Amino acid sequence: MRAPNRTLTILTAVAALIGVLCIAVSGNATAREPETLTERVQFAPGTIKDVLGGALGPGESRRYLLNARDGQELRVALLPNNAQTHFNIFVPGGEMLYDGRKGGNYYRGGLYKTGDHVVEVYYLGHEPTSNYEVEIVIE
């Protein structure tokens, strides 16, 4: 009777281990993929501001679309319950106007394009959720 091939035995064991790991990893189907939601901001008649809020999971973001004109002033104030929550502002065409990670949780400045501007609030932390409010003013 011939002795078992040691290389074949090791390869079989490694293949079995890889199979178990694949099943373990794919079995985690309940993990949520980060998502980006988009919401159009409609100011109530006669008002120039809106306060919006929500909760974000790790890696998630919410994009607020605002129709604004060249020459208007935009103010954005973010009040998060987690320091890993930030916002960016993009002008029509996608160019970044403001990077909240560098500039902080408040922006005030003039707009130089007409069309849909985007305020994107995003969460980079690892806690299950980050709650926030964002005040947007256009004058």
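**Notebook: strands, a histidine and some rings**

I started with His 117, which sits in strand 8 (residues 115-123). Strands here are DSSP runs of E with at least two residues, numbered from the N terminus. Before going on, I noted that this is a predicted model, where local features need pLDDT of at least 70, side-chain atom pairs count only at pLDDT 80 or more, and totals for chains, interfaces and linings use all residues. Numbering runs from 1 along each chain as its sequence is written, and side-chain values use heavy atoms, with hydrogens and water left out.

**His 117**

Is His 117 buried or exposed? I found a relative accessible area of 0%, so His 117 is buried (buried is under 20%, exposed over 50%, partly exposed in between, with a 1.4 Å probe and protein chains only). I then looked for contacts, meaning heavy atoms within 4.5 Å. Leaving out residues up to four places away in sequence, His 117 touches Tyr 64, Leu 65, Leu 66, Ala 68, Phe 90, Val 91, Pro 92 and Leu 111. Its side chain also gets to the backbone oxygen of Gly 115, at 3.0 Å.

**Strand 3 and its partners**

Next I checked strand 3 (residues 61-68): 6 of its 8 residues are buried, so the rest of the structure largely encloses it. I took two strands as paired if DSSP finds at least two bridges between them. Strand 3 runs antiparallel to strand 8, with 8 bridges joining them; Arg 63 has Glu 120 in strand 8 as its bridge partner.

For strand 4 (residues 73-80) and strand 7 I found 5 bridges in the antiparallel sense. Leu 74 is opposite Gly 109 of strand 7.

**Rings**

Last, I went through the aromatics, pairing rings of Phe, Tyr and Trp (its six-membered ring) if their centres lie within 6.5 Å; planes under 30 degrees apart are stacked, over 60 edge-to-face and the rest tilted. That rule gave me 2 aromatic pairs. Tyr 98 and Tyr 107 have ring centres 5.0 Å apart and planes at 55°, so this pair is tilted. Tyr 98 is buried at 11% relative accessibility, and Tyr 107 is buried at 10%.

Definitions and conventions: Helices (H or I, at least four residues) and strands (E, at least two) are DSSP runs, numbered from the N terminus. A polar contact is a pair of N or O atoms within 3.5 Å; within protein, one must be able to donate a hydrogen and the other to accept it, and residues adjacent in sequence count only if both atoms are side-chain atoms.
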